[in-house]
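Subject: A structure for you to look at

Hi there,

Here is the structure I promised to send you. Please open it next to this email and follow along as you read.

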Amino acid sequence: EVNLYLLDFGSEALKIFKDAPQVGDTLSINDSDKIEKMFKMLEEEIELRKEKFSEYTGEYSVYIKNSLDKMPLILVIINNYDNFAESYEIYIERLTTIVREGVKYGIITIVTTTGTSIVRYKFRQNFKQELVLRLNDEMEYATILGKFDKIIPTDCKGRGFVKLDDVYEYQVSYPCNEETMSDMIKELCSNLRQQYKNKAKKIPILPNIVSLTTIVNNISTLKNVPIGIAKETLEIVNYNYNSKDLSIITALDIMITSNFIEQLFNVITMIKDTALIVLDAEDVFEKLNIKAAYYNENFDQVVEKLYCTFKDKKVYQKQFVCAIIGIDNLIGGLNNIAKENFVNLLNMSKDLDQLNFIIIDSVLKLKKLEYEPWYKNNTNNSNGIFVGSGIANQYAIIINKIVREHRDDIPDNFGYCVNNGKAILVKLLEGDKSE
């Protein structure tokens, strides 16, 4: 009935609650990506609840009382707001909105702070209840609670003031002996986790590795081949490899594409009634352990076989994908007859319903080919995948608008999926030791 999200910018003692099923996540000052995703999640949750509660006077309490579809109360706790405000000032406006609107929709925020000076009035006025423990500046008691008879609380650990109909002094109590409290909390959280199957929703973040396991349920057809997860939306990104155009995968250095394309090839071989042919003219792989016809030599014969197989446009029971790694090297190394046949095959690609091409090469190598008739007529440089950094400094794949983020350095397991000139930053498929 309650989901907690604990942001601890102090001693990080709240991490002790991380195993409780009610706790969605515990965050610390260094979890910048997760903090951004938490704000996005809470904002989306408010919008979802606005729509759901519209028939119930827009109130969480009315909805819970009258609806069969129960929703948990969400409790966001920020320990040491002072450090949060200093490190994440850009989120204060968004947090203010969540505090103000969230109460109505069952999203409650609790913050702790060492005093009032760091807390802006616009933010503070959204809190209807303030509990005060012992403060360094005695004048702040009156600032928070107004004038009252007693000036400071009794000098006792856990003693403080709260304003209800009047100002009262209260005492915080421990659920057990202070010396054994850590062990008691750990045991309680562990027992609760074993007792309850339902757990609070985790803050969605990018996985450390986008492996085949992550996307396997999304593998369906060549028109929607999963290639990774979008950094911004955390949604699985698909690419159409059943296009009439030659599909482009490029990078400043072709070798950094190896992890991604190996897993991409794996995905393609998992698509029903699809066969993969790989021509590796760059020796990117010493060996390719997938269900594909893999060639890294004797390309004249391989190309001749391909040409003879598809030139007459026969109907086959399978869909074929031909991936060419290092197309510039491949064509440059073919004899005249094989080169002519291969170029003819590429020129026929728009009319070949059962054969699709993926060309993989470096930006500089593709630039050498851009004025070749077969390349100009059969590629769409507004579509493609660019691996790693440097998308703003190349023209193999054209994006509509270059922004500052496109100039940032990114790891080699990230890239851009470009569709009609729109670039989406993606954490790309890669293998791990278990695969």
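How many residues does helix α9 have, and how far does α9 reach from its first C-alpha to its last? Helix α9 covers residues 258–269, which makes twelve residues, and the reach is 17 Å. That is close to the 16 Å expected at 1.5 Å a residue. Please keep in mind that this is a predicted model.

While you have α9 on screen, look at how its residues sit. The helix is mostly covered, with ten of its twelve residues buried. Among the buried ones are Phe260, Ile261, Leu264, Phe265, Val267 and Ile268. Ser258, Gln263, Asn266 and Thr269 of α9 are buried as well.

With 22 residues at 1.5 Å a residue, α1 should span 32 Å, and its end C-alpha atoms are 31 Å apart, so the two values agree. Buried residues of α1 include Ile35, Met38, Phe39, Met41, Leu42, Ile46 and Phe53. Lys34, Lys37, Glu45 and Arg49 also belong to the buried set of α1.

Now for pairs of helices. Two packed helices are described by the angle between their axes and the distance between the axes. On the α1 side, the contact is made by Glu36, Phe39, Lys40, Leu42, Glu43, Ile46 and Lys50. On the α4 side you will find Arg94, Leu95, Ile98, Glu101 and Gly102. Sorted by class, the contact has five nonpolar, one polar and six charged residues.

The second pair is helix α10 (residues 299–310) with helix α12 (residues 336–347). Their axes come within 9 Å and cross at roughly 40 degrees. Because of that angle, α10 and α12 are oblique to each other. The crossing of α10 and α12 is left-handed. Here α10 brings Asp300, Val303, Glu304, Leu306, Tyr307 and Phe310, while α12 brings Ile337, Ala338, Asn341, Phe342, Asn344 and Leu345. This contact divides into eight nonpolar, two polar and two charged residues.

One last stop: is Leu164 buried or exposed? Leu164 lies in the loop between β6 (159–163) and β7 (167–171). Its relative accessibility is 52%, so Leu164 counts as exposed, the cut-off being over 50%. From Leu164 to Trp374 the C-alpha distance is 79 Å, with the two 210 residues apart in sequence.

Enjoy exploring!

Definitions and conventions: Residues numbered from 1 in each chain as written. Predicted model: local features only at pLDDT ≥ 70, side-chain atom pairs only at ≥ 80, totals over all residues. Heavy atoms only, no water. Axes fitted to C-alpha atoms, helices over the stretch in contact; angles between N-to-C directions. Helix = DSSP H or I, 4+ residues; strand = E, 2+ residues; numbered from the N terminus. Parallel < 35°, antiparallel > 145°, perpendicular 65-115°, else oblique. Left-handed = near helix turned anticlockwise from the far one by under 90°. Contact = heavy atoms within 4.5 Å. Nonpolar A, V, L, I, M, F, W, Y, C, P; charged D, E, K, R; others polar. Expected span 1.5 Å × (residues − 1). Buried < 20%, exposed > 50% of the residue type's maximum accessible area, 1.4 Å probe, protein only.
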